[in-house]
Amino acid sequence: MRQLRLALTAVLMVLGLAAFAAACGGDDDSGGGGSGGTPATSDDVNLTQGQDTTIAVITHGEGDAFWAVAKKGAEDAGKQMGVTVKYSESANDPQKQAQLIDSAVTEKVDGIATSAPNPDAIRDSLKKATDAGIPIITLNSGAEDYQALGAITHVGQTETIAGEGAGKKFKDAGATKLLCVIHEQSNIGLNQRCDGAKKGFGGDVENLQVKGVNDIQTTLTEIQSKLQSDDSIDAVLTLNPDIAIAARDAIQGASSDAKLGTFDLSGDVVTAIQDGEIEFAVDQQQYLQGYLPVVFLTLYKSNANTVGGGQPVLTGPGFVTKDNAATVQKLAEAGTR
Amino acid sequence: MTSAPTGAAPPAVPVADERLANIGLWARLMRRPEVGSLLGALIVCAFFWVTTDAFGTLSGIANWTDVASTIGIMAVAVALLMIGGEFDLSAGVMTGTTGLLMGLLTTEWGFSMWPAIVVTFAFAALVGFINGYMVIRTRLPSFIVTLATFFVLQGANLGVTKAITGTVRVAGLADVPGYESASKVFSDTFWSPHNFRLSVIWWIVIAAVATWVLSRTRAGNWIFAVGGDANAARNVGVPVARVKIALFMTTAMCAALVGIMIGLRLASVQAGQGVGEEFTYIIAAVVGGCLLTGGYGSAIGASLGALIVGMAFIGIQFSGWNTDWRFLFLGVILLLAVLVNNLVRQRAEGARR
């Protein structure tokens, strides 16, 4: 009797889990679910060719504002091309990223788009993919390594060049001491941005390692106490939109008059630019970094096209300032900028 | 736990002793700490096996056993420590510290791979000893002591790596003499088209040894004893300090093993490696039937807990569920596993009366 009840409970739990998964996977309009039901409603001749194509997009993001836009780009491309997009993130853990790539190879997907913040770590897994005949495109990080990794092309911006541009902006604004805020421990790209900023700025640049997007409150305190302890800092560069907002509050909290610039956009950042609280944002248009690889890989499969001609496809840097902020604002609020 | 009768056995007298009551096989089975996690693992496995195509293929199995293996090795060590009544919050970051140490020794200081591995293990043993010694001497909760170690190591990882390499990772391990042979031992794959990980074998061996120690040796009895009631254990002559320090050292050295495996596999080590993973290990051990209060648990259960985590991670990927919800799914699956576990244990303990 007891065993019977126990078995019954277990069965109920499984059913509950299944129903729950179906509800969450199915309701969501992003079409990440394996059901493939969304494109079927507009199932026309031009869409059927991609119907059984699956593209895996694997990034090192951790669900922050930046990667949400890239994800939307990938999913929009999937919908428009009529292909299934499986987007997943490794939260900056290289082992997990390698394992996610392995699992995509196991599934025999038709293309893999992956960021390469640590190329060594995913080299073996990507080799397995190319050995299995799966085409690869790198995105966001990995501009220097995409060829060695066997990728068709790279979609992103060059970190150093973008950093240089930001440093130059501050130099032109007459700043003398720049604080570069690093929010992830293990992302080499962030250090390259700060190095680039140093080159473009030409003056005194100090790097500050902060807790990161998972703990904005602590990050804010860290930046604020840095500003309070050193009032010669008259410019702050952040490398993430969430961190930029924290830095804005920290500058106000420390009654500092440091100028603030940031990498990447969010709705809040654009509003802050319009209000004059943030001078500029370096926009790498990460929507394209999600969107274009899916399009390129689909074209590679259906039409054997290769894009880039052996060069990376640059999505930035572009600058958002007070002048063009209004246009960008609408788009940022829709989640595509 | 049940301790085997020791000392000189009295002449056999055919008198029924209620302590030796005959218990049915089923009831005995249901009282094992790992039965709940076994059921949980079967449910999760069946669920993904049925709902996705790739999960049940040999390559799919290679994927999720890969994820489970490094978690599993640590979960077994953490389970032993928890049975002994202590925590180690530095277990996750320790995998990063040891990996970085091995990387720096080889790429910056001219060691070849094998001597570096020996030094790394020795260093881990030292950190484990310090953890254990501080817990014993200060009588502070190990939660606090190892939290301090956690922060110290996290800071050291980033600080030292940046100071020496100028970046946030140690790279170029593949060019170090001895890399090939070390990889063959720690991080290679076998069974060619499916590429199962060697770490899976390590995991199974470590779980088997831990199970043997716990159930068949005096050391195992001591571990249960110090976790159940340290004072009582001390009074009957168990070397409590030695047992606990040894457990901390075991945990740290398993972390070194995992750190070396990951470092060799990825041919590089990031400064942030392993941070936050300590909770995954503890969760796996708890899902596997370890009590947070100590004195109860099993290595096989912890391994099954790790298996659940690995299956859920890859299963969610195969399912193509929107990854915004990943942690929610993971949380629900883990909660279900713990609930099943609890339910089974209550039934089993109810049956005891």
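How many helices and how many strands are there in chain A?

1. Chain A has 13 helices and 12 strands, taken as DSSP runs (H or I, at least four residues, for helices; E, at least two, for strands) and numbered from the N terminus. The model is predicted; local features need pLDDT of at least 70 and side-chain atom pairs count only at pLDDT 80 or more, whereas totals for chains, interfaces and linings use all residues. Residues are numbered from 1 along each chain as its sequence is written, chains are lettered from A and ligands numbered from 1 in the order in which they are written, and side-chain values use heavy atoms, with hydrogens and water left out.

2. The average pLDDT (the predictor's confidence in each residue, from 0 to 100) of chain A is 85, and 85% of the residues score at least 70. Over residues 19-48 of chain A, however, pLDDT stays under 50. For this segment the model has 32 contacts (heavy atoms within 4.5 Å) beyond four places in sequence. Where pLDDT is low, the predicted coordinates should not be read in detail.

3. Of the 337 residues of chain A, 56% count as buried, that is, under 20% relative accessible area, with exposed meaning over 50% and partly exposed in between (1.4 Å probe, protein chains only). Among contacts in chain A with a separation of 6 or more, 71% involve residues 24 or more positions apart.

4. A:Q97 lies in helix α5 (residues 94-106) of chain A. With a relative accessible area of 3%, A:Q97 is buried. Its side chain makes a polar contact with the side chain of A:T114 at 3.1 Å; the term denotes a pair of N or O atoms within 3.5 Å, where within protein one must be able to donate a hydrogen and the other to accept it, and residues adjacent in sequence count only if both atoms are side-chain atoms. Beyond four places in sequence, the residues in contact with A:Q97 include A:I58, A:H60 and A:I122.

5. Over all chains there are 16 aromatic pairs, defined for rings of Phe, Tyr and Trp (its six-membered ring) with centres within 6.5 Å; planes under 30 degrees apart count as stacked, over 60 as edge-to-face and the rest as tilted. B:F47 and B:F48 form an edge-to-face pair, 5.2 Å centre to centre with 75 degrees between the planes. B:F47 is buried at 8% relative accessible area, and B:F48 is buried at 0%.
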